[in-house]
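I opened this notebook page to look up the ligand surroundings and the charged pairs in one structure.

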Amino acid sequence: KAARFPGFKTLEEFNYDHQPGADRTLIAHLGTSTYLQEAKNVILLGPPGTGKTHIAIGLGIKAAKTGHRVLFDTANGWVTRLQEAHSRGKLAAELTRLRRYSLLVIDEVGYVPFDQDAANLFFQLVSSRYEHASLILTSNLPFGRWGEVFGDPTIASAMIDRVVHHADVLSLKGTSYRLRGHKTITSTT
Ligand code: ADP
Ligand code: MG
């Protein structure tokens, strides 16, 4: 797919009964993609399997359907792309080119820690989009632990500051949806 989603997941198939942390009204509103006109961000936080990637893809598909250009990758995928551009002396051009996309999805911030170069490139990506174009970020870690990911609490807080300034933050909760089959074995319902 052009947007390179890692699968096909829709907001319509998201089960809100299983995810009390997800605000149905807010997600439905985000599904109208108006936040993209304001270059606002969406941040999805929560433990593994709570639906972060699902909602990120669902919002990405909605954005694409309303005519927006969307690109999806993991945090590491984005850093790799920027490292390649940087090594060709084309980092600024790549960041400018990416601003033509109204939405970039950055999945899985926090699973793999960044070295200093990666942290710097990631910070530049976030800065270049600040108040220009939207990001959807997902992370298994609360903001308080992003310093560990970026190896530097100063970079982490400067980045969080920009990302959160114009953003909706959704904190998903509970146990992994992937393990729900296991749960129903012991459940009475
Ligand atoms: P995360 O990115 O938070 O680790 P995912 O979004 O990949 O989790 O969800 C794991 C799997 O469970 C996916 O197949 C996803 O579609 C499904 N899933 C998670 N939460 C829900 C939900 N509330 N309703 C329907 N499917 C869900
Ligand atoms: Mg995920």
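How do the residues of the shell around ligand 1 divide into nonpolar, polar and charged? I found 4 nonpolar, 6 polar and 4 charged, where Ala, Val, Leu, Ile, Met, Phe, Trp, Tyr, Cys and Pro count as nonpolar, Asp, Glu, Lys and Arg as charged, and the others, Gly among them, as polar.

I noted that this is a predicted model, in which local features need pLDDT of at least 70 and side-chain atom pairs pLDDT 80 or more, while totals for chains, interfaces and linings use all residues. Residues are numbered from 1 along each chain as written, chains are lettered from A and ligands numbered from 1 in written order, and side-chain values use heavy atoms, without hydrogens and water.

I looked up the neighbours next: 14 residues surround ligand 1, the closest being Asn15, Gly49, Lys52, Thr53 and His54 (a heavy atom within 4 Å).

For polar contacts to the ligand (N or O atoms within 3.5 Å), I recorded oxygen atoms of ligand 1 at 2.7 Å from a backbone N or O atom of glycine 49, at 3.2 Å from one of threonine 50, and at 2.8 Å from a side-chain N or O atom of threonine 53. The protein covers 87% of the 550 Å² of accessible area that ligand 1 has on its own (Shrake-Rupley, 1.4 Å probe).

Turning to charged pairs, I found 4 salt bridges (a Lys or Arg side-chain nitrogen within 4 Å of an Asp or Glu carboxyl oxygen). One of them joins glutamate 12 and lysine 62, with the closest N and O atoms 2.6 Å apart.

Conventions:
Polar contact = N/O pair within 3.5 Å; in protein donor to acceptor, adjacent residues only side chain to side chain.
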